[in-house]
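Thanks for coming. I will go through a few local features of one structure, salt bridges to begin with and a hairpin towards the end. Please have the model open on your screens.

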Amino acid sequence: MMMLKLFGIVIFCGVLSHSQEVLSGLSCAVSPGAMQHVLSDAILQKGLLQQHLQGLMLPNIMGEGGLLNSPTSITGLHLVKVRVPRLSVVLLPGIGVQMTIIAKLELGGNCLVGLVSELIGILANVNITVNIKCTNFESGTFQVVIEDCLCVLGTIKIKLLSGLLSLSVNKIVLKQLTATLPSLLCPVVDIVVNLANVEVLRTLNAVFPIGTAGTIHYRLANLPFTSGRFLGFDLDGAVKHVGGSIVPHDSSPSALPPLLDNLLLLVLRQGFLNAALSFLLQLAPQTFTCPPETVSVAAPLSTSTCPRFPQCPVCRDTNLLSIKLTLSGNPLILLEENKATVKVLVVIQVLVNPLDGPVINLLLLKA
């Protein structure tokens, strides 16, 4: 098992294969649900949208109307609070991600109707839809570009401290906000999406240690790609020794298996896994000892039993028998349909320790 962190989600990676294809490197596919969770967490739950909307100042609203046809002016209009925001995501094949934010903006300011001045509160429903496209890939990073930002103003509720409100004030506010809000909100969403992208890239370009032997460094190999069902990321990994030398492996790309109903699918390819396993399975030689009379020669070799050799004078005159297991070469992982096998090559030695004299190697075999 290997632990990776992608998009703020910690994943314990297994092995997935597609038909009999030999895989190398890394690939990741994210469903709309997973991407929606990530963007919602970064933009809404962590307060990124609220933070950048907080300084939003709207232009003064001036118009004729109000009580007794008096002129109306609304000044100092600012954002008080963003209520119950919701975020949804649709994948656009070959283009990118379409993100929609639905929120209620609570605005406050001062309203002057004729000679009467009082506080005004406005609750405006907004629906912001943007297409997010990935571009300018270089050295594991990319930029996001906001295209076709559409901001639709829904119902508006206006409350004056006195409770007196004319239809003309409502029409003036609706007309002015419809004209000004899109030009104010779309740039804010652009900033927020780019900041969220920095967080995403941080998880797509990471280094983590493999014990004390070295590190694994993985990053994007090219631009993300989209289908109607998932957003795909082709990653490449480098397995490095502590000194900096890289364990070579085949990093050619391959197609991802179907995403099915999973939120996230991560494919670790065979070449990359073999390079990582050479670090993960660093087994020191293991030696097991026991008195020679404990078992018969017919007993199987194991980590807790030792054979007896009654026909061997040297064996009878020894205090201990020992079995030594030593790793021979790097472990290999073999990927098959619905199956992954780790092959570990070892050398097995059966040793005797005479009462006087050097240790004698009775048996040597590879397994």
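Start with Glu 106, which has a relative accessible area of 22% and is therefore partly exposed. On the terms: buried is under 20% relative accessible area, exposed is over 50%, and partly exposed is in between, with a 1.4 Å probe and protein chains only. This is a predicted model, where local features need pLDDT of at least 70 and side-chain atom pairs count only at pLDDT 80 or more, while totals for chains, interfaces and linings use all residues. Residues are numbered from 1 along each chain as its sequence is written, and side-chain values use heavy atoms, with hydrogens and water left out.

Glu 106 meets Arg 83 in a salt bridge, 3.0 Å from N to O. A salt bridge here is a side-chain nitrogen of Lys or Arg within 4 Å of a carboxyl oxygen of Asp or Glu. Glu 106 sits in strand E6, residues 96-113, and Arg 83 in strand E5, residues 71-92, so the contact ties together parts that are 23 residues apart in sequence. Helices (H or I, at least four residues) and strands (E, at least two) are DSSP runs, numbered from the N terminus. Arg 83 is also partly exposed, at 34%.

How many salt bridges does this rule give? The count comes to three.

Another one joins Glu 199 and Arg 202, with the closest N and O atoms 3.0 Å apart. These two residues are both in helix H3, residues 167-203, and are three residues apart, about one turn of the helix. Glu 199 is partly exposed at 37% relative accessibility, whereas Arg 202 is exposed at 51%.

Then there is Lys 46 with Asp 41, where the closest N and O atoms are 3.7 Å apart.

After H1 comes Gly 47, with a positive phi near 75°.

Ser 27 lies in strand E3, residues 26-30, and is buried, with a relative accessible area of 3%. The C-alpha atoms of Ser 27 and Asp 236 are separated by 8.0 Å, although the two residues are 209 apart along the chain.

Now the hairpin. Within the pair, Gln 349 stands opposite Leu 364 of E20. Five residues lie between the two strands of this hairpin, and Gly 357 in the turn has a positive phi of about 120°.

Strand E20 covers residues 360-366 and includes Leu 362. Leu 362 is partly exposed, at 35%. Together, Ile 360, Leu 362, Leu 363 and Leu 365 form a nonpolar patch on the surface, with about 260 Å² of accessible area. Patches are made of residues with over 30% relative accessible area and no salt bridge, like charges being joined within 9 Å and nonpolar side chains (Val, Leu, Ile, Met, Phe, Trp, Tyr) within 5 Å. The accessible areas come from the Shrake-Rupley method with a 1.4 Å probe, and for residues only the protein chains shown count as cover.

Notes:
Pairing = 2+ DSSP bridges.
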